[in-house]
Amino acid sequence: MELALNLGIYESVLVLMDTMDQDVKISCNSLGSMLAEVTSGSEMTFLRTNAENYGRTFWLGGSDRASEGVWVWTTSGQGFTVTDWHTRTTHEPNNQDGNENCLTIHKELDFEWNDDKCSNVYRFICEKPLVYS
Ligand SMILES: [Ca+2]
Ligand SMILES: [Ca+2]
């Protein structure tokens with residue numbers, strides 16, 4: 001499954017499912033892209049809308065593995081500037097069982113953000129610069 005989606009200068013590609021423990025960054029890199037990093041409100045809305053259309057949970061490229069509670073985009077090393085944590089039914093990020101260090105857009109949490117177990121298997125979203133020719 002592969003689907004190209006346009007967002008301004010970015011093209012986001014939805015690809016095969018995998019865990020974050022098996023480094024999905026490698027899969028994105030092999031496509032000349034990186035695991036999606038959300039750096040604007042419009043990008044956040046774009047990815048949420050598309051995840052909802054797909055009806056699936058997706059990995060994004062965020063983690064607090066290095067320091068609990070300190071979320072960073074792991075390819076760029078940037079901190080979060082915008083967030084979309086779910087708070088309606090559960091208060092995310094909740095680091096459930098002390099073991100949730102990877103970021104998803106979660107289908108059962110209104111397609112908002114959840115800290116999730118990195119060993120779970122989900123699809124994931126890669127992004128790459130959109131080249132005009
Ligand atoms: Ca955590
Ligand atoms: Ca959680």
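**Entry 1: strand β7**

I started with strand β7, residues 112-116, and found 4 of its 5 residues buried, so the strand is largely enclosed by the rest of the structure. A note to myself before going on: this is a predicted model.

Next I looked up what β7 pairs with. Its partner is β6, and the two run antiparallel over 5 bridges.

**Entry 2: the whole chain**

I stepped back to get my bearings. I counted 2 helices and 8 strands in the protein. Along the sequence they come in the pattern β-β-α-β-α-β-β-β-β-β.

How much of the protein is buried? I got 32% of the 133 residues. I also looked at contacts between residues at least 6 apart in sequence, and 61% of those join residues at least 24 apart.

**Entry 3: the core**

Which residues touch the most other members of the largest nonpolar core? That core has 20 residues, and the answer is L35, F58, W59, L60, F124 and I125. I then asked where the core comes from: α1 (24-30), α2, β4, β6 (102-106) and β8 (121-129) each supply at least two residues. β8 gives the most, with 4 residues.

I took W59 as my example and listed its contacts, leaving aside neighbours within four places in sequence. W59 is in contact with M20, V24, L35, C102, T104, Y122, F124 and I125. Two names on that list, F124 and I125, also turned up among the core residues that touch the most other members.

**Entry 4: α2 and what follows**

I tested the length of α2. Its 14 residues should span 20 Å at 1.5 Å a residue, and the end C-alpha atoms are 20 Å apart, which agrees. Just after α2 comes G55, with a positive phi of about 70°.

I moved on to R56, which sits in the loop between α2 (41-54) and β4 (58-63). Is R56 buried, exposed or partly exposed? I found 18 other C-beta atoms within 10 Å, so R56 is partly exposed; being buried would take 20 or more.

What does R56 contact, apart from neighbours within four places in sequence? I found A51, K107 and R123. I also looked at R56 and I105: they are 49 residues apart in sequence, but 8.5 Å apart in space from C-alpha to C-alpha.

**Entry 5: the loop between β5 and β6**

My last stop was the loop between β5 (72-73) and β6, where P93 has its place. The peptide bond from E92 to P93 is cis, with omega near 0°.

N95 is in the loop between β5 and β6 too. Its phi is near 45°, a positive value in a residue other than glycine. The cut-off for exposed is 12 or fewer.

Technical notes:
Residues numbered from 1 in each chain as written. Chains lettered and ligands numbered in written order. Predicted model: local features only at pLDDT ≥ 70, side-chain atom pairs only at ≥ 80, totals over all residues. Contact = placed C-beta atoms within 7 Å. Core = buried A, V, L, I, M, F, W, Y, C linked by C-beta atoms within 7 Å. Pairing = 2+ DSSP bridges. Expected span 1.5 Å × (residues − 1).
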